[in-house]
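I opened a new notebook page for this chain.

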Amino acid sequence: MSDTEFGADPDEAKDRNFITALARGLDVLRCFRPNETDLTNNDISERTGLPKPTVSRLTHTLCKLDYLIADARTGSYRLSAGVLQLGYGVLSGMEIGERAADAMRALRNGPNSYITCALAERHRTDAVYVAVQRSREEISLTMHVGSRLPLFFSAIGRSILVGMTDEERAAVLRSADESDPEGQEARHASIERAIEEYKASGFCTGYGDWRPDVNGIAVPVYSLSGTRVYGLNVGGPSFHVKKKQLEQHYAKSLIEAAAALSCGPSH
């Protein structure tokens, strides 16, 4: 596994139409984490594994395009409104987020005030939240739109995987195995368990897998066109959100919500 956060996809070198410079520019934008305001070229170089001269050219270009703003005093960069505009474009295209709002609120407003409900879509080996209904308690999971969970080791990530066709899932596994051979056994065991779980109960579970203090269950949801797979989950702090309540009270409502929101091929 690469020491950086942005290991190259093995398929990139095989794709004659792949524009590496564009991919590296997007990697620069992806370097910014939640609650981070400024990064230097050195920070970006360390996270991407790109040489500093290359990073300097990329940040210069992104500033010219109004996706980054440079601070000459500190030598750092921050995301500009141009990135926000792109984000709104993505969210506006996700019709399911608006359609899911009422169903997600209903799940969140169930008997347990610590429950958070979220909708996620896959990006590489992450499940990225595209809509969130936070719990009614002040002390809750600090999750928001854009939060990332491990695709193979969270309930919501596994629900996306089980919702894929066999061919789609195999392609995702193959890419992950090529990038991280050491994690292959754990990934395959996780997805095999998730498939068995989903066949038996209609949902995927995550009890301390992603974080030891978090319990959750999730189901796949399909876009109206049937071409996109999302994950819909309910969960919360394990001290307040127990396995028994999730499976005996919330599971049925979660499955019904997913069925009502989905309009795609049967998986």
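**Entry 1: whole chain**

I began with burial: 44% of the 267 residues in the chain are buried, where buried means under 20% relative accessible area, exposed over 50% and partly exposed in between, with a 1.4 Å probe and protein chains only. I noted that this is a predicted model, in which local features need pLDDT of at least 70, side-chain atom pairs count only at pLDDT 80 or more, and totals for chains, interfaces and linings use all residues. Residues are numbered from 1 along each chain as its sequence is written, and side-chain values use heavy atoms, with hydrogens and water left out.

I looked up the accessible surface next. The chain total is about 14,400 Å², from the Shrake-Rupley method with a 1.4 Å probe. Carbon and sulfur atoms hold 53% of that surface.

I then checked contacts, meaning heavy atoms within 4.5 Å. Of those with a separation of 6 or more, 57% link residues 24 or more positions apart.

I listed the secondary structure: nine helices and nine strands. These are DSSP runs, with helices as H or I of at least four residues and strands as E of at least two, numbered from the N terminus.

**Entry 2: the open sheet**

I traced an open sheet of six strands, in the order β6-β5-β4-β9-β8-β7, with antiparallel pairing. Two strands pair if DSSP finds at least two bridges between them. The edges are β6 (148-150) and β7, each pairing on one side only. Neighbouring strands are turned by 35 degrees against each other on average, direction ignored.

I followed β8 (residues 214-222) on both sides. Four bridges join β8 to β7 (residues 204-207), antiparallel. Here Thr205 has Ile217 as its bridge partner, and Gly206 stands opposite Gly216. The β7-β8 hairpin has six residues between the strands, and Gly208 takes a positive phi near 75 degrees.

Val214 is partnered by Pro237 and Asn215 by Gly236. This hairpin too has six residues between its strands, and Gly226 in the turn has a positive phi of about 80 degrees.

Why is β8 largely enclosed by the rest of the structure? Because nine of its nine residues are buried. One face carries Val214, Gly216, Ala218, Pro220 and Tyr222. Asn215, Ile217, Val219 and Val221 are on the other.

**Entry 3: a helix pair**

I turned to α2 (residues 41-48) and α3 (residues 52-64), which pack at about 115 degrees with axes 9 Å apart. Axes are lines fitted to C-alpha atoms, for helices over the stretch in contact, and angles run from 0 to 180 degrees between N-to-C directions.

I listed the touching residues. Asn41, Asn42, Ile44, Ser45 and Thr48 in α2 meet Lys52, Val55, Ser56 and Thr59 in α3.
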